Amino acid sequence: TSSSARGADSVSKWFAYTLKRIGIRGKKALHSFRGTVISRLHTAGVKGETVRALTGHAGVDVHETVYLHLPLSVLKEAVEKLDYGREVLKGLPTEGHP
């Protein structure tokens, strides 16, 4: 198993646990919240290229798709603009931890 597959599995497990902990019942996929996240990032003033990088969408042109590599600090700053309550983020797996 690749490290990215293990990381994705860790995030999926954390997400399922977090939904249960905050009282959201039923089977939900992380992907089902993509639209909400995109809307909230846009409302918070996050640039389109940053939103696309965070949500896994392709760039609008070859410059974004091939050449744009945003620093982690820019992505982190954008995610911190989302306010779902810090309690929701508790226990999020970090890089290097299964």
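Me: What share of the contacts with a separation of 6 or more comes from residues 24 or more positions apart?
Reply: It is 52% in this chain. Keep in mind that the model is predicted.

Me: How many helices and strands are there?
Reply: The chain has six helices and zero strands. Along the sequence, the pattern reads α-α-α-α-α-α.

Me: What percentage of the residues count as buried?
Reply: Of the 98 residues, 14% do.

Me: Switching to aromatics. How many aromatic pairs does the structure hold?
Reply: One. The pair is tryptophan 14 with phenylalanine 15, and their ring centres sit 6.5 Å apart.

Me: Why is that pair called tilted?
Reply: The ring planes of tryptophan 14 and phenylalanine 15 are at 50 degrees, so the pair counts as tilted. Stacked needs planes under 30 degrees apart, and edge-to-face needs over 60.

Me: Are those two buried or exposed?
Reply: Tryptophan 14 and phenylalanine 15 are both buried.

Me: Now arginine 34. Which helix is it in?
Reply: Arginine 34 belongs to helix α2, which covers residues 34-43.

Me: Why does arginine 34 count as partly exposed?
Reply: Its relative accessible area is 27%. Buried would be under 20% and exposed over 50%, so arginine 34 falls in between.

Me: What does arginine 34 contact, leaving aside neighbours within four places in sequence?
Reply: Thr55, Gly56 and His57.

Me: And where is leucine 54 relative to arginine 34?
Reply: Leucine 54 is 20 residues away in sequence. In space, the C-alpha to C-alpha distance from arginine 34 is 9.9 Å.

Key. Residues numbered from 1 in each chain as written. Predicted model: local features only at pLDDT ≥ 70, side-chain atom pairs only at ≥ 80, totals over all residues. Heavy atoms only, no water. Helix = DSSP H or I, 4+ residues; strand = E, 2+ residues; numbered from the N terminus. Buried < 20%, exposed > 50% of the residue type's maximum accessible area, 1.4 Å probe, protein only. Contact = heavy atoms within 4.5 Å. Phe/Tyr/Trp six-rings, centres within 6.5 Å; stacked < 30°, edge-to-face > 60°.
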